[in-house]
Amino acid sequence: MLLLLLVLLPLVGALALLFDKKRAWNIPLLTCSLVLALAIFGLKPVFGGGTISYTLNLPGPFAPVLQADPLTAIFVILAALLWFAVAIYAPKYMVHEGKVKFFELVTLLTYSAVLGVFLAGDLVTMLLFFELMTITSFFWVVHRWNREAIRAGYFYLFFSIIGGLLIALAIVFLGASAGLPLPLGAGRLTPSNPTLFAWAIGLLLAGFGIKGGMAPLHVWLPHAHSNAPTPGSALLSGLLIKVGAYGLIRVGELAGWGITLGAGTAWLSTTITLLGVLTMLIGVAAALLQGDGKRLLAYHSVSQMGYIILGIGVGLYLGPDGGLGLVGSVYHIVNHALFKATLFLGVGVIYIHTKETDLYKLGGLWRRFPVTAALMFLAALGIAGAPGLNGYASKTVLHHAVSAAAASGETWLIWVERLFNLVGIGTAASFAKLFYLIFLGKPTELEVAENESPRLQIAMGVLAAVMLTIGLAPQLFPNVLGLPAAESLGFAKLEPIPGSLFWNFTDLKGIAITLALGIGVCWAGLKSGAFHWHPPLWLSLEGLGGKVYLAVAFLWTKGIALYHSLTKGLGRAGRFLAGKVSAAYSDLVNPKDGAALTGISATAALLILTLLALIAWYTMINPVFNVVKIVLQW
Amino acid sequence: MINLILALLSGVVGALLTALIPAKNDRLRTTVVFAALASALIFSWRTALLVFAGAELELTFGLAGLTWRLAPDPLGAMFVLIASTLWLVAGLYSAGYMAGKRNLKSYYSFFLLANSITLGVACAGNLVALYLFYELLTLSTYPLVIHERSAEAVKAGAKYIIYSLSGAGALLAAIVITHALTGHSDFTSVPVLAGQTGKGLNWLLALFIAGFGVKAAIMPLHRWLPEAMVAPTPISALLHAVAVVYSGVYGIIRVVYTVFGPELMSSLTFAKALPWIASFTILVGVMIATRQDVLKKRLAYHTISQLSYILLGAFTLQPLGLSGAMLHMISYSLLKVTLFFCAGIIAEQTGETVVSRMGGVGWSLPKTMAAFGVASLGMVGMLPLNTFWSKYYLMRGGVASGSWPLALVLITSGIINAVCFIPTVVAAFKGESQGRVHLESGSSVSLMLVPTVLLAGISLLIGLWPGLVWDGVQAVVNSFF
């Protein structure tokens, strides 16, 4: 019941909002507070072991199942926290974007769908909420309905629809290879048809990968996240892409956490690891070149999703020893949601006061927005991985997992570790750049409005407080929440993570070097103008995608033209034959002079002969179909 | 039994009365039309529910030296339910759409007559009766196709007649051969041709498929359908997306499951090719649809593609596939009628029939475009909509029959469907809402809007709770397997 209530509460809120004419209450904030309280207190027992589940017993082929295990609970509480912060922030912000009520409505509907995805107890229920989430969040992306927003909306919608269809196909394949239903949180499946099962896993990887912004399927993400109104961007980057990561963790569960993957699915861990690294690299490289604040943050979402995907991959790769990879991944999901949402909200504050997100036009704003600057500074330190903040904590866990994998001595894994450090430098550089260009540097020439409401900063402050708490006690989250989640997914009892994993000289030295190098890169990039470099179009995936699109459109058109000309030819042949028949018939009725002898024209004779031959041939090859017999019987 | 007879007669009586009422008396005609439609609906539902409950209804009489038999089984009952329900909905829509147009007497009288005949197709108990109703359906809907009496309409009508009658010719030959082989053609739980052997059966099957395939618009027998879109929108929606084309689809399912039977079918070579013929139609149909700029033509080509979904499910010869086919018969009809109704409202209220000029109409017609959007998502096969379930079962049927590429065909088609419809919906909300006239008020618009939104709502409901229609679907499947 609790689970159903969690999913339904935002819907009730949306309904209330729809019929609320007076706006006496702040319904979104009320709903979000209620859900947050309910999520924290209701789902607490889950971490003590045992799961909650609820089946809506509808007769027929679909009975939605909801369930909560520790992994679910982490995601639900995270979502509730983010939505709460955004509910504080949005009313003040959205006044500047317009269509406030519609936005709040969409936000509540999306909330319900997102909670549904996390709480779904089987794959079909999950797909239901997944698709609902796609549809409702689409309205965030196209909120402005201008050219740019509609383009981003198309990107978002088409990629998401394809993702959903791939998952549907995967469900069909899973059903055929491992039987239905397909419960989540119930461990791995034992397929009767390993090949089909492997295909299904691959399809799920692609389907959830699209949602999670996994390279090379991330193309839609920067467009969508930078075009949505800022509260929408914060939730898209903070939470909606995590749905993809959540899906990948569940895919891992279907294949098997905590075991060495069998021959049929062994490719899965290496593929996810490599795609994770690719995602990290592409995201950070593109982010460094962005001049627009929201686009920079959006590309960083791609890059940070790379960390998360990498963690999942390494966790699967290491089999029974992969606990750190999974825990690090979940940990980073939580941390990224916190700092990325804070960063987006901060950029939003600057936007509504200056109407600008182009970093090169901003500058020197820390005097006007000291609180925002301080909070942004915390969040930037967090994402860059400075010790004492949450990013350091999860990146360290991930780094230990990657090192453990690299210790196996395989060359490609050693390279994975090196690239891991490289991406850390890039991250530090791009956030040094973001912070420098907005708050430091020479003061902007734009007109800057007075800071209008402390509510905006309060929303950021809520998130920052949680970040600091996590950062100062980094072993708390994994030990209290992360390990039960990993154990419920299939790992054997895991050792608690000691504080010394974070507070040791090697790791601290490593991050100090990374940060210093990052600042160096940032300085060099800004001085040399390298950050203004625009890669040629063919190098970007959008450019390549455009080429592919043109090729498909060409084949499409030509194919249809070919089909049309074929059918036209058939039609012409038919008409020709029909003409001959009717001509022959008129010859019979009105014999031409030459044919008067017999009364049958040559054409008619030919036709009749052909027909007779056909009948004879038909009778010969088909004794059963004795045409004579048929005629006699009738 | 009495329910069945009354269901069949409601339309005929209504049509006769409508023909007798003076052309000017709109109010009386409307009353008669709705009384007839409502009575057809009530008695159809009673019949169908009886059949689903296991009752065996049968009515046999001899005439002209042949035995005529009416005996609805679950498959027929399913068709009866869909047809009679949508007829009433389309009647409501017609009341709004046709208000003030000319020649209403002939419109409504053939509209009602076609209702009876379609129910006859669904309830036919042997091939002879099925053939009679199938032919009558062509003749009774011809006046509706040429309702506008324009040159274009007459040409389309001619094409419709030629295609349909040629198909019927093939069908007649097939029925004669079947009769000669077995001496009867009654639909019973034992397939008509059970026990027959020989390669010639492949040709017989081909003849049947060609005969019914014209109305089911299997490529390349589809060309009449896009042309027939000159008919008034309610007719396009009801006849050319559901009733007439479903009679072809229904005929094919009959042939596959009642005349040949799954067992015999699985031994025929031609039967193995059938899923791929359907796949071809699915993909090429929707690909052509995407390139049509006239909305109704786009919908017509899309119909061609979607009908083959149902056929594909039937051709898999799997219980799962047939479940999918039945689900799709229900789901697709609801959504497609919605799409046509929306097209009609757009054309009536804004005068726009061409997709590329529909940018921004959504702000004037928000409810209409919302319904259009819901139906579009349904055509993609996304989850909160009923078509997900049909597609899901079709895919499972395809995989169960051993051909997983069939599932891939359906997914690909889903993506192309998205390309086909989603941009129309999104573009409809381009630009600003300011300065747009709201065009959704007035009684005739409400009469069109209510059935449209209703159908979209029902689709959503079935999507969330497929159990609503599941018992009927299972009754059909269990009657064949």
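This is a predicted model: local features need pLDDT of at least 70, side-chain atom pairs count only at pLDDT 80 or more; totals for chains, interfaces and linings use all residues.
A:Trp145 is partly exposed, because 19 other C-beta atoms lie within 10 Å, and a residue needs 20 or more to count as buried. Its backbone deserves a look too. Phi of A:Trp145 is near 50 degrees, a positive value in a residue other than glycine. The residue sits in the loop between helix 5 (123-141) and helix 6 of chain A.

Now jump to B:Arg149. Is B:Arg149 buried or exposed? B:Arg149 is exposed, with 11 other C-beta atoms within 10 Å; the cut-off for exposed is 12 or fewer. Phi of B:Arg149 is positive, about 60 degrees, although the residue is not a glycine. Its place is the loop between helix 5 (127-145) and helix 6 of chain B. Most residues other than glycine have a negative phi.

**Two cis peptide bonds in chain A**

Go back to chain A and show the backbone at A:Leu180 and A:Pro181. The peptide bond that links them is cis, with omega near -5 degrees. Where does A:Pro181 lie? A:Pro181 belongs to the loop between helix 6 (147-178) and helix 7 (194-211) of chain A.

Move on to A:Ala215 and A:Pro216. They are joined by a cis peptide bond, with omega about 0 degrees. A:Pro216 is in the loop between helix 7 and helix 8 (220-227) of chain A. Most peptide bonds are trans.

**Chain A as a whole**

Zoom out and color chain A by secondary structure. Chain A has 21 helices and 2 strands. Its C-alpha atoms fill a box of roughly 115 × 60 × 60 Å along the principal axes. Of its 634 residues, 52% count as buried. Among contacts in chain A with a separation of 6 or more, 76% are between residues 24 or more positions apart.

**Chain B as a whole**

The C-alpha trace of chain B spans about 70 × 55 × 45 Å along its principal axes. Of the contacts in chain B with a separation of 6 or more, 80% link residues 24 or more positions apart.

**Helix 3 against helix 4 in chain B**

Select residues 74-97 and 104-123 of chain B, which are helix 3 and helix 4. Their axes are 8 Å apart, and the packing angle is about 165 degrees. Helix 3 and helix 4 of chain B are therefore roughly antiparallel to each other. Their crossing is right-handed.

Helix 3 of chain B contributes B:Gly76, B:Phe79, B:Val80, B:Ala83, B:Ser84 and B:Trp87 to the contact. Facing them from helix 4 of chain B are B:Asn115, B:Thr118, B:Leu119, B:Ala122 and B:Cys123. This contact divides into 7 nonpolar, 4 polar and no charged residues.

**Helix 9 against helix 12 in chain B**

Next, select residues 233-265 and 319-350 of chain B for helix 9 and helix 12. Their axes come within 8 Å and cross at roughly 160 degrees. How are the two helices of chain B oriented? Helix 9 and helix 12 of chain B are roughly antiparallel, because angles over 145 count as such. This crossing is right-handed.

On the helix 9 side, pick out residues including B:Leu238, B:Val242 and B:Tyr246. On the helix 12 side, look for residues including B:Met329, B:Lys336, B:Phe340 and B:Phe341. The contact holds 11 nonpolar, 4 polar and 1 charged residues.

**Where the chains meet**

Finish with both chains on display. The contact takes 37 residues from chain A and 35 residues from chain B. Which elements of chain B give two or more residues to the side that touches chain A? Helix 6 (151-182), helix 10 (269-290), helix 14 (366-380), helix 15 (386-400), helix 16 (404-427) and helix 18 (467-480) of chain B do. Helix 16 of chain B gives the most, with 7 residues. Color the chain B side by residue type. The side of chain B that touches chain A comprises 26 nonpolar, 5 polar and 4 charged residues.

Conventions. Residues are numbered from 1 along each chain as its sequence is written. Chains are lettered from A and ligands numbered from 1 in the order in which they are written. Helices (H or I, at least four residues) and strands (E, at least two) are DSSP runs, numbered from the N terminus. Two residues are in contact if their C-beta atoms, placed from the backbone, lie within 7 Å. Ala, Val, Leu, Ile, Met, Phe, Trp, Tyr, Cys and Pro count as nonpolar, Asp, Glu, Lys and Arg as charged, and the others, Gly among them, as polar. Axes are lines fitted to C-alpha atoms, for helices over the stretch in contact, and angles run from 0 to 180 degrees between N-to-C directions. Angles under 35 degrees count as roughly parallel, over 145 as roughly antiparallel, 65 to 115 as roughly perpendicular and the rest as oblique. A crossing is left-handed if the near helix is turned anticlockwise from the far one by less than a right angle, and right-handed if clockwise.
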